[in-house]
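Welcome! Please open the structure in your viewer, and we will walk through it stop by stop.

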Amino acid sequence: MSGTISLDAIAIFARVAEDASFRGAAAELGIPPSTVSRKVAELEAQLGVRLLRRTTRRVALTDAGRAYLRACQAPLGALAEAGRAVRDAGVEARGRLRVTASVTFGERYLGPMLEAYMREHPRVEVEVLLTDRYVDLVEEGFDVAFRAGNVGDPSLVARELGSGVLRCVASPAYLSARPAPRKPQDLTDHDCVVYPPLAPSGRWTFRSRGRAVHVPARGRLVAHSLPLAFEAARRGMGVTRVPEPLAHDALAAGELVEVLGAYRPPPSPFLLVYPSRGHVTPRLRAFIDVAMAARIPGADRPRAAR
């Protein structure tokens, strides 16, 4: 890599990548297509890699381009948001804010956040959708969502609220009837209470000697509700897997016991996400501030905002 890379060139590349079109990006940015093409070519020359594949019909990211776009999205979004924050300083939050979260997260943690937010901003109306399905924020017209794990979508800005581990748990009564699993593979001899979103491809992932270990999670009960899976384990119906904040109180009370604690996967983040290309309105910015200051019981606070 040689020379100083222009932030303008990076922003132009990101727009071309998102639009999959040089002409579309030029129209949005209000500059000639030749300027867009030249800026991207200069960026590729400075980086020493091809970022985009150009054909007569389409523009597509190379592997290097996809990685570079992913790395650039957060800082570009932060810079754009900083500019909007300066322009919106002193503007009162008003209008309707649409929020979505999983049922479990919303029922346990959203109440205090909403109470604080609506008390401080009386001219804002709030609509909340609690669902365990994936909500497309842009397509469905939502301002912000609470999610767990890695987002993996460069069109979204992610702010980390905290992190927690997934804990494998069972009741003392269940464990009194059969030996506790000593290694992940022992789960084949147990009843697993499966919550599908935490069991991709029907497997649970553990960590052993620095490597991921995937084992089938099978049982008589598949619950499409995390609270139901948790309650089934508490009642002795099998081993299940839940996020630390949900298990926290039951573990402390002795209603559940952790198994396979030595094989816990790395902590998973709890995220606040919103579209990177949308205008961060005063009402959304105010909600972000309230959410970032909130405390999720049982979750570790983030070391730095994402």
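Predicted model: local features only at pLDDT ≥ 70, side-chain atom pairs only at ≥ 80, totals over all residues.

Residues are numbered from 1 along each chain as its sequence is written, and side-chain values use heavy atoms, leaving out hydrogens and water.

Now switch to cartoon view. The chain has ten helices and 14 strands (DSSP runs of at least four residues for helices, H or I, and at least two for strands, E, numbered from the N terminus).

Next, select strand E7, residues 166-170. E7 belongs to an open sheet of five strands with mixed pairing, in the order E11-E8-E12-E7-E13 (two strands pair if DSSP finds at least two bridges between them). At the edges, E11 (221-222) and E13 (257-259) each pair on one side only. E7 and E13 are antiparallel, joined over three bridges; pick Cys168 and you will find its bridge partner, Val259, in E13.

For the last stop, select Ala148, Gly149, Pro197, Leu198 and Ser268. Of the 43 residues lining the largest pocket, these are the closest to its centre. Strand E3 (95-101) and helix H5 (103-120) are among the elements that each supply at least two lining residues.

How values were computed:
1 Å grid on protein atoms, 1.4 Å probe; cavity = no way out; pocket = protein on both sides within 12 Å on 5 of 7 lines; lining within 4 Å.
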